[in-house]
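Please have the viewer open and follow along.

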Amino acid sequence: MEREVRVRFAPSPTGPLHIGGVRTALYNYLLARKLGGKMLLRIEDTDQNRFVPGAEDYIRQSLEWCGITLDESPWTETPGPHAPYRQSERKPMYLQYAQQLLDSGHAYYAFDTPEELDAMRARLTAAKVPNPQYNSITRAQMRNSLTLPEDEVKQLLDNNTPYVIRLKVPRKEEIRFNDLIRGWVVVHSSSVDDKVLMKSDGMPTYHLANIVDDHLMEITHVIRGEEWLPSAPLHVLLYRYFGWESTMPQFAHLPLLLKPDGTGKLSKRDGDRLGFPVFPLEWHGKDAETGEPTVSSGYRESGYLPEAFINFLAFLGWNPGTQQELFTMDDLIATFSIERVSKSPARFDQNKVRWYNEQYLRAKPDSELAQYLLDALKEQGVEVSANKAEQIAALVKERATFPADLAKEAQLFFHRPTSYDEQVISKKWNAQVAGALQEFALALPATADSTPEGIKALLTQVLERQGIKIGQVLQALRVAVTGAAAGPDLMAIMSILGPEETAQRLNLAIDQLAAQASA
RNA sequence: GGUCCGUUCGUCUAGGGGUUAGGACAGUAGAUUUUCAUUCUACCAACAGGGGUUCGAUUCCCCUACGGACUACCA
């Protein structure tokens, strides 16, 4: 029988999720939805020292904002079938599995102190051992249940001597597994060390907890970052020793997201140093050294639409093989396949995210943009009708990258010019132009047709009477009405402003500029 | 250092033994807009290097270089 597809995203609550983590969650989600499976989230908080308050909630909100929904997680109203979904809450379960390995001879107790471990590494390094590690060779010189007499081990245990449980990795063995993205990966066991499975505080390490939980939670595909590739052989070994090989999940190690500037993988610490957000949501943290509060910007607060952010992120390391660039989440679900994830790492492109945002912003219905505008303007104490807001939104959206640009561009409708573009004035403003505009202002209130076309017709009419070409006045007219040399279509602006307001602005400009000239 | 992974335009990438090596973003130029932006059109621009294999390699193999990850009682 085919197993139901079950994937998981398993972050540690050690800080804000960065975009690489979001992408991992996204690919997991896409595969689950595509294959009609389940998407779960498990909090991997086995390291109490690195716990950061608020991080878990941040992860939750980030995924919510992105539209990545979870079928099983610590946050559901009724506990899921494999609850709890926080490893710290699962702590009591792990020891029995470590015990199983102990019993079958695949794990052993180690009593070495940190100092002894340091000394061992120092010794090996000094001896120019190419790969200093606790392994099949060096464990013979250490204090563990393999080297110590049985009764001494028992005594140490009885005396509550701190110990860890280590995996007994075989000396000579080829470990291989088929990665969905990379193909066959082969690693020799001699390069894998005797990893700690249970820490002296009674908590499992990532490696143990991860394998046990993935098995218990019936995970079928492990999709995670490439940083886990080197420890995958260890995980394969664990599945084998537990006797779970037949249901071992398929692995897919995603290429890393690189820093756009220098080198190395993108990390949480990059924060705003790069000039663009690396976090989905704004994060309020503390400086590691000084403890000073810090703020790292987020895509959401910077004005990115989740659809754009997701579309962009999906394309960083994956593509559909067609020329389509714009994908909604549903499109992504329909098209996604793990085989089309690329092997090589990707660098960030700010221009491309901006472009995506423009695309999605413009695709939004004017009514929705108008609603945003209404809210933004209200905050500034400006009241507008829904109808007018929609007209403005429609006019202005082609010039916007972010929603906030809409409000910025809309300002000219609610604030009369306080100054006039000097270059245009000095070049284009003269008595004749002023006269013509005065005539236009005079004719405006009487017009029956205040559509952009109607206003243009009126303007043309007035100018013809004056014997002036439209080209001579248009720039001056724009500056008189808006104060600025550039902006949206002038006829549309005047239409939205209305004949009355336009006329008043014109008269104001004529007065002010005349006063300026005589001063 | 060791192990593993990777390498096509500036960036994200398509392709794959025989192609004018395709698209998108960015950039440049032109057209439209008597403004800016938008839009449209065009241009610019890449198979890391060296050996094989082959009639023929950017594609397959090997080596080198470069980049990256990992190398904790962190995940």
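**Entry 1: the model and its domains**

I reminded myself before starting that this is a predicted model. I looked up how chain A is divided and found domain 1 at 91-198, domain 2 at 365-415 and domain 3 at 417-519.

**Entry 2: where domain 2 meets domain 3**

How far apart are the centres of domain 2 and domain 3? Taken over C-alpha atoms, I get 23 Å between them. I then listed who takes part in the contact: domain 2 gives 11 residues and domain 3 gives 10 residues.

Next I checked the buried area. Together, domain 2 and domain 3 bury about 860 Å², and 68% of that lies on carbon and sulfur atoms. Which three residues supply more of the area on the domain 2 side than any other three? They are L395, L412 and F413, which account for 56% of what domain 2 buries against domain 3.

I also wanted to know about charges and polar groups here. How many salt bridges cross the interface of domain 2 and domain 3? The rule finds 0. Polar contact does turn up, in 3 residue pairs across the interface, with both partners at pLDDT 80 or more. Helix α12 (residues 386-396) brings 5 residues to the side of domain 2 that touches domain 3, the largest share of that side.

**Entry 3: an open sheet**

I moved on to the strands. What is the strand order in the open sheet? Its 3 strands run β3-β4-β7, and their pairing is antiparallel. Why do β3 (107-110) and β7 (196-198) each have one side without a neighbour in the sheet? They stand at the edges with a single partner strand each, so one side of each is left open in that sense. On average, neighbouring strands here are turned by 45 degrees against each other, direction ignored.

I looked at one pairing in detail. Strand β4 covers residues 164-167 and is joined to β3 by 4 bridges. One bridge I picked out links A110 to V164 in β4.

A reminder to myself: strands of a sheet pair through backbone hydrogen bonds, either parallel or antiparallel.

**Entry 4: a hairpin**

Strands β5 (residues 174-179) and β6 (residues 183-188) were my next stop, and they pair in the antiparallel sense over 6 bridges. The hairpin that joins β5 to β6 passes through 3 residues. Which residue of β6 is the bridge partner of F177? I found V185 there.

P84 sits in the loop between α2 (55-66) and α3 (91-103).

I also flagged K128, a residue other than glycine with a positive phi, near 60 degrees. I located K128 in the loop between α4 (114-126) and α5 (150-158).

Definitions and conventions. Residues numbered from 1 in each chain as written. Chains lettered and ligands numbered in written order. Predicted model: local features only at pLDDT ≥ 70, side-chain atom pairs only at ≥ 80, totals over all residues. Heavy atoms only, no water. Pairing = 2+ DSSP bridges. Helix = DSSP H or I, 4+ residues; strand = E, 2+ residues; numbered from the N terminus. Axes fitted to C-alpha atoms, helices over the stretch in contact; angles between N-to-C directions. Domains from an automatic or database assignment. Contact = heavy atoms within 4.5 Å. Buried area = accessible area lost by both parts, 1.4 Å probe. Salt bridge = Lys/Arg side-chain N within 4 Å of Asp/Glu carboxyl O. Polar contact = N/O pair within 3.5 Å; in protein donor to acceptor, adjacent residues only side chain to side chain.
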